[in-house]
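Please look at the sequence and the structure before reading on.

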Amino acid sequence: MARHDRLVMLATLAVLQVLTVVTGVYAMTTDFSLGALTRQTSPTEPTASPPEGSPPPAPVVTSGPVLAGLSVKSGGGPLPTKGTLTRQLTDALGDEALGKRVGAVVLDAATGERIFAAGADTPITPASTTKIVTCVAALASLGPDARLSTRVVQGASPDAVVLVGGGDPLLAGPSARQGGYPKQASLATLASRTAAALKARNVKKVTLTYDTSLYTGPATAPGWKPGYIPEGNVAPVHALAIDEGRQNPRSNTPRVSDPPAHAAAAFARLLRGKGVTVAKSVRPGKAPAGAAELGRVDSAPVYALVEHTLTHSDNDLAEALARHVAIKEGQPASFDGGTKAIIAVLQRLGAAQGVALSDASGLSIRNRISAAALAKLVAMAGSPASPGLHAVASGMPIAGFSGTLGNGRRFTGRDSRGQVGLVRAKTGTLNNVNTLAGLATTKDGRLVTFAFLADQVPVNAEPVLDRLAAIVARS
């Protein structure tokens, strides 16, 4: 009997071990620890965009589940002990890897009170944390539900068509893979709709021109290094492009030298595949005022574009959003007009102090933003008083899981890996520049925001920035 009992016990233990392994695998592959335990949808799998042509969603709810568990009400949790936090952060800020110019701030998200500050108001090169500023302005100016439209209109004659760029860099070309987030507008869909409209008018042969007049000014920004485009960091900025100007949509390099001509040539091939004869010469042109629309495709809503911009640090999309802010704010759709428009929106929000921009993506070495300004904007994005800005919070990478914090290099140190999944933050990296700004919930349930910026870094300060954010998260 005893032997039988021992066999039963051993069998039970074996089953439990199998269940443990299966659960572990499930957790690693589905973000079980972040979403399932809180009965929330995984923040790495946002709600899919509605089908093209359908009304925009209202209200915007993408980031609701992400922020639902974060207490932002005063008294929802005690503030971390300032003395202990100050000592720990001060010690970490003394690391030589940060270099000689550092800005650091931690804010109580509910009240805006500074819990910690060191060089908080110092203007520092922000690198890609600039995208926080751009995305706040885009949501506040354009609204979360706005979409970017690419159109085809009739030209000067019934057999002339014009492809009109609407500033959507995510417009998917013929060889792009579909099914990701956010759902991309498709050049193939636009060609199908245009061909159907032409056939309905009994037009079987056309000339094609393309209109990129929505944007003005130079295609590259002051402060951009010459290698950015050849290295695949960004494409020349134009109102018409497919696959963000990539020759191959699955590779950052090479970027095409003339994105509008590349997109128009692809559109011509697609029309021919639909039985429409297109003249060999495809040239730039201008759509006639009030021209009849033959086809149209719309991007995902701005809130989804913002999430993508922040999660993947998408330079092309950040610059596009800035130009649409410029148009909405009555400025030229250029680098200069975009940055002026962003500052104007921030002024309306009472958040322009400490922000000076040369571009919208953070590639420019001329940008200067203070840690205090970034932490304040993150706090606004996580506030119940600003529901239209929540996509900034939900779009930030999750430490160890998504985007630029999920690449296997971040939050891997002994002093930061315990906070994997507990920090959401936007990264920034240029030569000699490392930055990190985001939010975390303290061990007692208080939502705090932080920004740590260094722009005289000798080699690499990312592990130190991770350590600083981890200190905040476990405070």
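Leu294 lies in strand β7, residues 293–298 (strands are DSSP runs of E, at least two residues, and helices runs of H or I, at least four, numbered from the N terminus). The model is predicted: local features need pLDDT of at least 70 and side-chain atom pairs pLDDT 80 or more, while totals for chains, interfaces and linings use all residues. Residues are numbered from 1 along each chain as its sequence is written, and side-chain values use heavy atoms, without hydrogens and water.

**Leu294**
- Leu294 counts as buried because its relative accessibility is 8% (buried is under 20%, exposed over 50%, partly exposed in between, with a 1.4 Å probe and protein chains only).

**The open sheet**
- Five strands, in the order β2-β1-β12-β11-β10, form an open sheet with antiparallel pairing (strands pair if DSSP finds at least two bridges between them).
- β2 (114–118) and β10 (423–430) each have a single partner strand, so one side of each has no neighbour in the sheet.
- Seven antiparallel bridges link β1 (residues 102–108) to β12 (residues 447–454), and Ala104 has Phe452 as its bridge partner in β12.

**Helices α7 and α8**
- α7 (residues 302–312) packs against α8 (residues 315–328) at about 140 degrees, with the axes 8 Å apart (axes are lines fitted to C-alpha atoms, for helices over the stretch in contact, and angles run from 0 to 180 degrees between N-to-C directions).
- This makes α7 oblique to α8 (under 35 degrees is roughly parallel, over 145 roughly antiparallel, 65 to 115 roughly perpendicular, and the rest oblique).
- Leu305, Val306, His308 and Thr309 of α7 meet Leu317, Ala318 and Leu321 of α8.

Key: Contact means heavy atoms within 4.5 Å.
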